[in-house]
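User: I'd like a close look at one part of this protein, please. Keep it friendly, as I'm new to this.
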Amino acid sequence: MSQSRNDSISVLDHHPRYYIDAADLHVLVCRSDPLRVHSYFFARESPIFNRKLNPASPGDIKEGTNDNDPIVLEDVSPHEFERLLWVFYNPKYSLYDTSIEDWNIILNLADKWEFLEVKELAVRELQKKPDLDIVSKMSLYQRYKVDPRHLIPLYAQLCARDTPLTIEEATILGIETTVLINSAREQLRANPSDEGRSPLPAGLEEGDVFRTLEKQLGLEQGSTARFREEHNLTSPTSPVGGVSGSSDRQSRVKEQQM
């Protein structure tokens, strides 16, 4: 939100929809058509706008009082600001039917200017969108600092499903969220007596672990055991609690039997 209001707007036409004669707040967005809207919505919903519209000190300038001294917004596009105004001037009252892209814009501005109730409205409407997948929804909520209690049910869905996060999903969510989800998945699948730890099943051998990882990495199954044997490599401790060399030998026997 810029403090500069020196540019003349006398040559510009009024906005065809959002220049309301009875309104009292004058706004100019990126040198587009001047807008005249009701300050009530902005003063009530946004502490940032409230400070501009209701200066604390008598000497402070009250912004947006006329077309020659509007509040100038230079860090938002006219289309984006119109989407926010649509929330206040929606002709369908309680029916807020618009696209995911529009709600993304509204959520962004609500977070930027601290319109908390508008942010909650955007979240409620995005929850109704079947085309917005759970990971994209989580990423959106995190980006705009939505109340984390909206995220808990989404975390729960990812923890409860029978498949882990994909690489694509982890890339979208970021390392911190990915680690949190994976840790919660392991804890939820652990026996209560293990105090949140999730040890490998009894009888699982190192070769079994290697084959699982080879499959995930697109390597030929059994190639790690052969590589280790050819290069005379051993591990100080087996990841499954046994002796590495013994597990390698057991793994090769299994491979020969397969």
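How much space lies in the largest pocket?

Analyst: This is a predicted model, where local features need pLDDT of at least 70, side-chain atom pairs count only at pLDDT 80 or more, and totals for chains, interfaces and linings use all residues. Residues are numbered from 1 along each chain as its sequence is written, and side-chain values use heavy atoms, with hydrogens and water left out.

The largest pocket holds about 820 Å³ of space (an open set of points on a 1 Å grid where a 1.4 Å probe fits, with protein on both sides within 12 Å along at least five of seven lines; the volume is what probe spheres set on the points fill). Its lining has 22 residues, and P164, E186, T212, L213 and Q216 are the closest to its centre. To count as lining, a residue needs an atom within 4 Å of a point. Which elements give two or more residues to it? They're α8 (167-173), α9 (175-189) and α10 (206-217) (helices are DSSP runs of H or I with at least four residues, strands are E runs with at least two).

On to the backbone: R31 sits in the loop between β1 (25-29) and β2 (35-37), and its phi is near 60°, a positive value in a residue other than glycine. E114, in the loop between α4 (100-112) and α5 (116-127), also has a positive phi, near 65°.
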